[in-house]
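Please look at the sequence and the structure before reading on.

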Amino acid sequence: MQKSRRSMASATGWRNSMIKELRKKLTLLYTVTTGTILTLVVAGLLFYNLRVSEKDALQTFQNQIVAVASRMQYGSTISGSWLAQTEASEKLIIHIEENREPFLYSGSWAPATDRQTLIDRAREEALKEKVNPAVRPVSSSVIQSSVFTVKGDQGDSYYGTILVFPTAKGYQSLTLLGYRTPGISLIRSQGPRFLLFDILGIAALFFVSWYFVGKSLEPVEMSRKRQNEFIAAASHELRSPLAVIESSVTASTQWRQVTLPYSRRKVRTVPLPCNQRNVQKNRPSI
């Protein structure tokens, strides 16, 4: 009986550990699956945010083109202080020439690549579109290149465009470059926020998964408890009958071990009666 109790206790402990291990594995599985999906969604949002930031930067640069071109085209005074303020606040490179004579202005900030090198590369891009800032336009309309990208020597990048305005004294040309914030910088500035959101989301998914897995395993736990209670009650009810049967079997076995050898010896030593011996002697042989 003690052995059966120990086996029942060990079986109960094994079932408890099995259910706990199953809960851990299911929680880990659900967390990894949903966490991977959440991470992909967060990465997609980050990529989308980068695209939106690039579009906003391009739209801002186009607005800057309109502002500077309008000031030049409608005869407003362009002073060195205005150029310095505009360049510094918007991270622009503004190069203006009148009849191929550049304004005496060296810029308000130093880009990673040499300023004149960037201006020359912008002119090369404009020449591909047949926009030459060194030639007076034939018509009286403004000639403008498309917005292109100029790459520097230090990994820096810029939006660029060139405009040529005809004037009464000849023409003016505008080379405008706008600094592009690198994608890696945008990731460094916005990435920690998305990473924190991802980590908090995965942690929340872990606790939610732990809770719902526990709820889903409650019927199994209840069934196990009822089974244990039934086995305990049955073993308690069968304890007395089994003890009686066990003692009866033991007594019967001991009685046979004691009486059976003695009865066999007694049967072997019992002599036959006299009349039976005479009958056997007088029996005719065939």
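Which helix and which strand each supply at least two residues of the lining of the largest pocket? They are helix H1 (2–73) and strand E6 (170–180). The model is predicted: local features need pLDDT of at least 70 and side-chain atom pairs count only at pLDDT 80 or more, while totals for chains, interfaces and linings use all residues. Residues are numbered from 1 along each chain as its sequence is written, and side-chain values use heavy atoms, without hydrogens and water.

**Terms**
- On a 1 Å grid over the protein atoms alone, a cavity is a set of points where a 1.4 Å probe fits but cannot get out, and a pocket is an open set with protein on both sides within 12 Å along at least five of seven lines; lining residues have an atom within 4 Å of a point.
- Grid points are joined across faces, edges and corners, and a volume is the space filled by probe spheres set on the points.
- Helices (H or I, at least four residues) and strands (E, at least two) are DSSP runs, numbered from the N terminus.

**Largest pocket**
- The volume of the largest pocket is about 230 Å³.
- Its lining has 14 residues, of which Ala57, Tyr159, Tyr179, Arg180 and Thr181 are the closest to the centre.
- H1 gives the most to this lining, with six residues.

**Largest cavity**
- The count is one cavity of 30 Å³ or more, and the largest cavity has a volume of about 50 Å³.
- Its lining residues include Leu83, Phe103, Tyr105 and Arg115.
- Strand E1 (residues 92–98) gives the most to this lining, with three residues.
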